[in-house]
Amino acid sequence: MAQADLVIRDALLYDGSGAAPVTGDLAIEGGRIAAVGSVGGSAKRTLDARGLALAPGFIDVHTHDDFALRKHPDMAFKVLGGVTTCVVGNCGFGPAPFREAWQMAAGFQSAGELSGWEGHRGYLETLEREPPSVNVATLIGHGTVRLAAMAAPKNPAPSDAEMAKMKAIVQEGLDAGAVGMSTGLVYEPGRNAATDEIVELAKLMAGSGALYATHMRDESLGLLDSVDEAIAIGVRAAVPVQISHHKASGRRAWGMVSQSLARIDAAQRSGLDVHADQYPYTAGSTILSAVVADGRFGGGLGTLTADDVVIASSKGHADWEGKSIAVLAREMNLEPLATAHRILEAAPGTTAVLHAMNEDDVRTVMRHPSTMIGSDGIPALDGRPHPRLYGTFARVLGRYSRDLGLFLMEEAVYRMTGFPAAKFGFRDRGLLRDGFAADLVLFDPKTVIDVGSYEDPKHPPKGIARVFVNGVEVVAAAQHSGARPGCVLRRTTR
Ligand code: ZN
Ligand code: CU
């Protein structure tokens, strides 16, 4: 071995495989892990990591950072929490075609002008020319594709010509290296699509290693039918499936996750590659327009009351942020549905935090072997974004693993590193192995914890000491270094 750029000494090594940790050293050379274990020889720099844990960088498989990567390339809200890779393009909202992507995201993504890009290829090349601080992989957003291809995107069925156009855009994304396609079946315009349309598009991915990720049609009383639809799409199109933010939403649906998990188990036993991701909170967050999408308050999001829905960010209306629809309805002297419509007229991109889940369900899903971690953070940095944007990974490590004992720390680390890397096809990431990319997090297992609350969310977690992306130190002493060494991760055939 040549002289290492850096040797981190005497850390508690969590290797990302789920194996019990061992104390040892790790050497970095040329952006890669050069040795793990007992590292001799000299190095340009050494770090004494006694008492700290060293793990692969956290992979956030569920993000909406498509535009944030351009507008906030330091990605402080992610890297300060240990995230080194973001998968964008979730819930049917993809980065291309640009015009439709921007139209769908405007409002809930943070403000500011952006020059566009040509297709998924152009998006990824733009990020390569001006790299962010984290690595990025993208999904193709089915909603964005549908909006671009159909004259009337609210129509249930595309014409043959529109279907051909959708296929062309999906194929362009796959050729550019997208890791899959996502749907958002509660959102416009994806919610108008029939199962057959999705199967036909997903078939383009068969055999490519790309996966089908889905924000399902109904996460409430229709949860089981929705899981069945996701599984059927995977089976019929012969593609792996990723169920996004697995949950049972709304009081009447609480407890149903044991059945949805059983369906995942059964599908796995019959040979389907199906898993899920989860954020570790009992509140969700989405665009307010989805709360009233079917003409009733709450609707497909699951028997929500006006107290359950709290405004997170509303452009030009900071006075609404942090207030529930119930409170605003009284102030405006309107019914909840009319209140939501009044808010959406004033600020169409308004986002909300939805207090819709049950803590037991959160734990049941998290404990299940099919679940990996993804933040689903919405980078509306001007308002009060759901605290998951900052704290997801630290909260799983500190609260759910260490404090509540849901699983051992090595398993918590596995669910945010080796497991997602295998699912999404990041073949040289997610593990502490010779030759793997040096995406690393050094954290204090005794103190790591999320800090932000719903009322005051914009705080990085405690206990994340240092973060390396491709061997470059992006976080030192819990501060951003300013470095932007992120890479674009394109799909490789598995
Ligand atoms: Zn979603
Ligand atoms: Cu999402």
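Predicted model: local features only at pLDDT ≥ 70, side-chain atom pairs only at ≥ 80, totals over all residues.
Residues are numbered from 1 along each chain as written, chains are lettered from A and ligands numbered from 1 in written order. Local features need pLDDT of at least 70, side-chain atom pairs count only at pLDDT 80 or more, totals for chains, interfaces and linings use all residues, and side-chain values use heavy atoms, without hydrogens and water.

| Domain | Residues |
|---|---|
| domain 1 | 6-56 + 432-449 + 463-480 |
| domain 2 | 58-281 + 357-424 |
| domain 3 | 283-356 |

The C-alpha centres of domain 1 and domain 3 are 43 Å apart.

C91 (SG), H215 (ND1) and H245 (NE2) coordinate the zinc ion (ligand 1) at 2.1 to 2.2 Å. Donors are N, O and S atoms within 2.8 Å of the metal (3.2 Å for Na, K and Ca); water is not among the atoms, so sites may look incomplete. Their spacing along the chain is C-x123-H-x29-H. H215 sits in strand β10 (residues 211-215), and H245 in the loop between β11 (241-243) and α9 (257-269). Strands (E, at least two residues) and helices (H or I, at least four) are DSSP runs, numbered from the N terminus. Both histidines, H215 and H245, are buried, meaning under 20% relative accessible area with a 1.4 Å probe, protein chains only. C91 also bridges to the copper ion (ligand 2), 2.9 Å from the zinc ion (ligand 1).

Helix α13 (residues 359-367) buries D361, V362, V365 and M366. Down the axis of α13, these residues fall within an arc of 130°, so they line one face of the helix. The arc uses directions from the helix axis to the C-beta atoms.

Terms used: Domains from an automatic or database assignment. Buried < 20%, exposed > 50% of the residue type's maximum accessible area, 1.4 Å probe, protein only.
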